[in-house]
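Trainee: I've got a model open and I'd like to talk through how its inside is packed. Can we look at it together?

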Amino acid sequence: ALSASPPHFSLSPWVRFGGRPNNRADAQRLLARIHSREGDYGQAWERLTAYLQDRERVFDIERARIIAFQEVQFDMHNQAQEIQLLREQARVSELQENALQQQRRFQQIVIAMAALILALLLLLLIRTLKERRHFRHMSAHDGLTGILNHTHFIDAAKKQVRQAASGSASLTLVLADIDHFKQFNDRHGHQAGDEVLRRAASRMSEVLSPHGVVGRVGGEEFAACLDDLDQDHAASKVHEVRTALLDCRLSDIEQTVTMSFGLAQLGSGEDFDTLRARADAALYQAKHSGRDRMVIAESSSNSEA
């Protein structure tokens, strides 16, 4: 019977030089079976050995492919992790930048609020200081005429008297009273009377305040304490006041406003109360001597001007 297997020599070149390792292994195994059937066990052994070698190469190739595939998977996994890490880093950087921006905005808001609060406190302080000066001025000055009120004039005058007595300096106290003010007030009204008081105080302050303190010590009574001025120089300043009073009349009232004055120069060892009593006596004499005049008090006698 004819063998179904192909001749031995017809497969050898293909097995040696061609085909893929897996196909060559299959061919080697087929040839090993053919040689075994033919009884050529030597060739069958060689083919079987070649089959095993080819299968080993197939396994090597498969292992290499698996390893390469795993390496590729590992690299892809690493790359994916790196990409994820970069994304997380980018996200963290973005969050940090947003946090920094919010912190800067918060700092700007805090600075703006602090500046606003500081400005408000500064304005409040300025307003408080202005109000304090205003109230201090109001407490020290007469509300109608704007010159020192009775209490603060007396305090300032006493201080000047003490300083003049300790330094042996000249000082003259001037007391003044608007003539017939009550009749003027009753005839022309309190508003006209208030305006006369303001104008009389303004004339006295303009002339006498550069040389001392001027105050309102009664309803229509005024006073001035002039330091570094003896009674002659003080009398000259009082004449200037009397001259300034000539334009003190109101536009719709023809009556002229006049004042009576009493002057007293500080004597050696004299205190304020004694000086004031002598000036008040001189003013009393001026008023009872016809008014619209000035009387200077002297240590021994009074003189009229």
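Trainee: Leaving aside neighbours within four places in sequence, which residues is Arg 203 in contact with?

Mentor: Keep in mind that this is a predicted model. Arg 203 sits in helix H6. Skipping its neighbours within four places in sequence, the contacts of Arg 203 are Val 241, Ala 244, Leu 245, Asp 247 and Cys 248.

Trainee: Is Arg 203 buried or exposed?

Mentor: Its relative accessible area comes out at 13%. The cut-off for buried is under 20%, so with 13% Arg 203 counts as buried.

Trainee: And at what angle do H6 and H7 pack?

Mentor: Start with who meets whom: Arg 203, Met 204, Val 207 and Leu 208 in H6 face Lys 237, Glu 240, Val 241 and Ala 244 in H7. Those contact residues split into five nonpolar, no polar and three charged. H6 passes H7 in a right-handed crossing. Their axes are 9 Å apart, and the angle is about 145 degrees.

Trainee: Which element gives the largest share of the largest nonpolar core?

Mentor: That core has 33 residues, and Met 204 and Leu 208 are among those touching the most other members. Elements supplying at least two residues each include strand S1 (171-178), helix H6 (190-208) and helix H7 (231-244). The largest share is eight residues, and it comes from H6.

Trainee: Leaving aside neighbours within four places in sequence, what is Ile 178 in contact with?

Mentor: Ile 178 is another of the core members with the most partners. With neighbours within four places in sequence set aside, its contacts are Val 196, Leu 197, Ala 200, Glu 220, Phe 222, Val 257, Thr 258 and Met 259.

Key
Residues numbered from 1 in each chain as written. Predicted model: local features only at pLDDT ≥ 70, side-chain atom pairs only at ≥ 80, totals over all residues. Heavy atoms only, no water. Core = buried A, V, L, I, M, F, W, Y, C linked by side-chain atoms within 4.5 Å. Buried < 20%, exposed > 50% of the residue type's maximum accessible area, 1.4 Å probe, protein only. Helix = DSSP H or I, 4+ residues; strand = E, 2+ residues; numbered from the N terminus. Contact = heavy atoms within 4.5 Å. Axes fitted to C-alpha atoms, helices over the stretch in contact; angles between N-to-C directions. Left-handed = near helix turned anticlockwise from the far one by under 90°. Nonpolar A, V, L, I, M, F, W, Y, C, P; charged D, E, K, R; others polar.
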